[in-house]
Amino acid sequence: MYVVENEGWAIACMLVSLFLLGTFPAIFTLLERRGRLPQHTYLDYSFANLFTAIIIPLTLGQIGDSKPDMPNFITQLSQLIEDWPCVLFAMAGGIVLSLGNIAQQYALALVGLSVMQVIASSMIVLIGTTLNYFLDNRINNAKILFPGTASFFIAICLGSALHSSNAADNKAKLTGFPNTNHDGTGTIETTGIELETSPDNDGRWVLENGSSHPEKAKIGTADFLMELENKRAIKVCGKSTIIGLGITFFAGACFSLFSPAFNLATNDQWHTMKAGVPHLVVYTAFFYFTLSWFIISIILPMIFLYHPILNVPKSSLTAYLKDCDGRLWALLAGLLCGLANCFQFMGGQAAGYATADSVQALPLVSTFWGILVFGEYRRSSKRTYVLLVSMLLMFSVAVGVLMASAANRKTF
């Protein structure tokens, strides 16, 4: 079994994980803005994620001979009866992560990629790192760790203010938009171009342009916002800021709990297993973790196909199976997330799970994608730009402080 023992390789695993964790939500946003139903995307994403939880343990988890104190993946699977207390911790972590991922899909549409990731990641540090600090017997330097968590709290406040400011900017753009009419049927008339959304046979919403030679709207303008609103699967115009932030904070709370649960599964700090029984290795815990995650990730999206939330169009299992547009992107998102989770756990087991929670650089990645690919904050007010820069600077300071704390940790 391949085990990360060198601290440098552990940090490398975490950095790769954080890049992947900051990238796959951008794919969610891309598909949602193209009009693909979030239920369809999430089902594809779930199957790909499960695939990684099977392939990685069967490869990296089977390298070398099995040892009594560190059995290989297949060997430990046969010891379920002895391992069941820690298996339950791993599965509990998978359940809360699944709930967070599902909430994240809707939060991304309502508050934007960069704000959602900053708030969620800050909550991971505030809650998850604190829990891991005590679970790992306070081996971090508290004088460094907790000022870092305070910096993340400031980043949360700045992220919330940024979202409110950007929402006000968009409202101001639409207020002065000529010939704008919401008639309740999904039709919006914009400066001589009629844009209409209607569900097609696959349950997806499509854009019908009444102009034979439409001009492409500039990013950040009112025309662009109205075109985007017609295309996307989750309609955001008229949605309360409180709803978006509420879903974001729920997702962040879920994300904060899965790492401490995985920590308990692999290190058994509460001594739930019998003496002499080896702890769950990372690959076995990762398999059970993803298995429970997958169960929830199939049940809830299947329910949402027929009983959608936030006014998303209804769909069906048949419509999902026929909807191949964007499927490869959704499968890629699942692979990226599965690899990211595994790398985070491998690095966390070597360098400490509080370290893995602390290096939350993924909002910097997601903000990069949000600005570069989706045009977030284009043509916004100076106040919004000041808040954006302040949020990113504070976030960078927090990451630097927490990385300094991680340098004082013992290597597992």
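## Overall composition

The chain has 14 helices and three strands. The model is a predicted one. Of the 412 residues in the chain, 56% are buried. Among contacts with a separation of 6 or more, 81% join residues 24 or more positions apart.

## Nonpolar cores

The largest nonpolar core contains 91 residues. Within this core, the residues with the most contacts are F24, Y45, M116, F255, F262, F289 and F345. Helix α4, which spans residues 80-111, gives the most to the core, contributing 14 residues. In soluble globular proteins, nonpolar side chains tend to be buried together.

F255 shows which parts of the chain meet in the largest core. Once neighbours within four places in sequence are set aside, F255 is in contact with L97, G100, N101 and Q104, and also with M116, A120 and I124. M116 is, like F255, listed among the residues with the most contacts inside the core.

## Packing of α4 against α8

Helix α8 covers residues 241-267. The axes of α4 and α8 come within 7 Å, and they cross at roughly 160°. An angle over 145 degrees counts as roughly antiparallel, and α4 and α8 are therefore roughly antiparallel to each other. The crossing in which α4 passes α8 is left-handed.

What kinds of residues form the contact of α4 with α8? The division is 23 nonpolar, six polar and no charged.

## Packing of α1 against α11

Helix α1 runs over residues 7-33 and helix α11 over residues 327-351. Their axes come within 8 Å and cross at roughly 155°, which makes α1 roughly antiparallel to α11. The crossing of α1 and α11 is left-handed. In the contact of α1 with α11, 22 residues are nonpolar, six are polar and none is charged.

## Packing of α2 against α9

Helix α2 consists of residues 38-59, and α9 of residues 282-306. The two helices, α2 and α9, pack at an angle of about 165°, and their axes are 9 Å apart. This angle makes α2 roughly antiparallel to α9. Here too the handedness can be given: α2 passes α9 in a left-handed crossing. The residues of the contact of α2 with α9 comprise 19 nonpolar, seven polar and no charged.

L50 illustrates the pairing at the level of a residue. L50 belongs to helix α2 and has a relative accessible area of 15%. Buried means under 20%, so L50 is buried. Not counting residues up to four places away in sequence, L50 touches T290 and F294. The C-alpha atoms of L50 and S292 are 9.9 Å apart in space, while the two residues are 242 positions apart in sequence.

## A buried loop residue

N72 lies in the loop between α2 and α3, the latter being residues 73-77. Is N72 buried or exposed? With a relative accessible area of 5%, N72 is buried. Leaving aside neighbours within four places in sequence, the contacts of N72 are M1, G61, Q62, I63, G64, D65 and S66.

## Backbone with positive phi

Most residues other than glycine have a negative phi.

H271 is not a glycine, yet has a positive phi of about 55°. The loop that holds H271 is the one between α8 and α9. At 67% relative accessibility, H271 counts as exposed, because the cut-off for exposed is over 50%.

R379 has a positive phi of about 55° as well, although R379 is not a glycine. R379 is found in the loop between α13, residues 362-372, and α14, residues 382-406. Its relative accessibility of 46% places R379 in the partly exposed class.

Definitions and conventions
Residues numbered from 1 in each chain as written. Predicted model: local features only at pLDDT ≥ 70, side-chain atom pairs only at ≥ 80, totals over all residues. Heavy atoms only, no water. Core = buried A, V, L, I, M, F, W, Y, C linked by side-chain atoms within 4.5 Å. Buried < 20%, exposed > 50% of the residue type's maximum accessible area, 1.4 Å probe, protein only. Helix = DSSP H or I, 4+ residues; strand = E, 2+ residues; numbered from the N terminus. Contact = heavy atoms within 4.5 Å. Axes fitted to C-alpha atoms, helices over the stretch in contact; angles between N-to-C directions. Parallel < 35°, antiparallel > 145°, perpendicular 65-115°, else oblique. Left-handed = near helix turned anticlockwise from the far one by under 90°. Nonpolar A, V, L, I, M, F, W, Y, C, P; charged D, E, K, R; others polar.
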